[in-house]
Amino acid sequence: LRLLGVLAGELRQLICGALLKMAAGDLVSCLKTGRDQAVAVAKQAGKAGKKRKRGAEEEAVEQRPTWWWWDMIREGLIALTAIVASADNIDSGSDTLDLLVAAVVNTLDVAGRSCPRQDPELQRELCDLVSQAVSQCCAQGGDRDRSRIMITVLGKGKSADPLVRLAAVKSARAAFELVGPAMLVSLSEVLQNLSELMEDEDADVELAVREFIRVLESQAGESLQERLR
């Protein structure tokens, strides 16, 4: 029975690894479509808002059958995280992982002020889902993968939207907290990006950066202040 349990676990990992390769294109398409639709709805609502104050027209824009974008993003992130977490044979340095991570990170654009609905609960849920997906990709990837993933995630730190920058910092921090010291291979890339955000004009972003640095120092076992200058 114990042997059967081991074999079942290994079989599940192999199946999930194969499933990830087969489903990667669909997952990327799902996340991209949801993100693009959210941006389109936000632009449409913005045009309506310029013509008149928030009223029946703008409410209609949000309540039409365009709200499916959030369902696509949410379910796509949940499925991706579950498959990656169960897979044990992700090829390090593969294009598949890079494409998935890029699609995941780009959904953070929806967390910004251009979100079709300024819903703090939705924004928190999106940030949590992205954090979980990014963390699992880091956990299953190799050292080179982790560095590239952090570069991709913190690349959103250059967004003009403070909510997107904040979500990027939180997602990167979540990966370090889940994976642990193995993430330190990406330390140089992370510090380079954080040094540019330490004096962010948004107080929440600046606070999140400083909290992240404390996590890094705890894992590195040393002060990193000199390297941030």
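Leaving aside neighbours within four places in sequence, which residues is Ser186 in contact with? In this predicted model, the contacts of Ser186 beyond that range are Arg146, Ser147, Met150 and Phe176. Ser186 is located in the loop between H7 and H8. Its relative accessible area is 0%, under the 20% cut-off, and Ser186 is therefore buried.

Two of the residues in contact with Ser186, Ser147 and Met150, also take part in the packing of H6 against H8. The axes of these two helices come within 9 Å and cross at roughly 15 degrees. Because this angle is under 35 degrees, H6 is roughly parallel to H8. The crossing of H6 and H8 is right-handed. On the H6 side the contact is made by Ser147, Met150, Ile151 and Leu154, and on the H8 side by Glu189, Val190, Asn193 and Leu194.

Met150 and Leu194 also belong to the largest nonpolar core, which has 58 residues. Together with Leu77, Leu80, Val134, Phe212 and Leu216, they touch the most other members. Two or more residues of this core come from each of H1, H3, H4, H5, H6, H7, H8 and H9. H5 provides the largest share, nine residues. Not counting residues up to four places away in sequence, Leu216 touches Phe176, Leu187, Val190, Leu191, Leu194 and Leu224.

Helix H4, one of the contributors to the core, covers residues 95-106. Its twelve residues reach 16 Å from first C-alpha to last, close to the 16 Å expected at 1.5 Å a residue. Within H4, the residues Leu97, Leu100, Val101, Ala103, Val104 and Val105 are buried.

Terms used: Residues numbered from 1 in each chain as written. Predicted model: local features only at pLDDT ≥ 70, side-chain atom pairs only at ≥ 80, totals over all residues. Heavy atoms only, no water. Helix = DSSP H or I, 4+ residues; strand = E, 2+ residues; numbered from the N terminus. Expected span 1.5 Å × (residues − 1). Buried < 20%, exposed > 50% of the residue type's maximum accessible area, 1.4 Å probe, protein only. Core = buried A, V, L, I, M, F, W, Y, C linked by side-chain atoms within 4.5 Å. Contact = heavy atoms within 4.5 Å. Axes fitted to C-alpha atoms, helices over the stretch in contact; angles between N-to-C directions. Parallel < 35°, antiparallel > 145°, perpendicular 65-115°, else oblique. Left-handed = near helix turned anticlockwise from the far one by under 90°.
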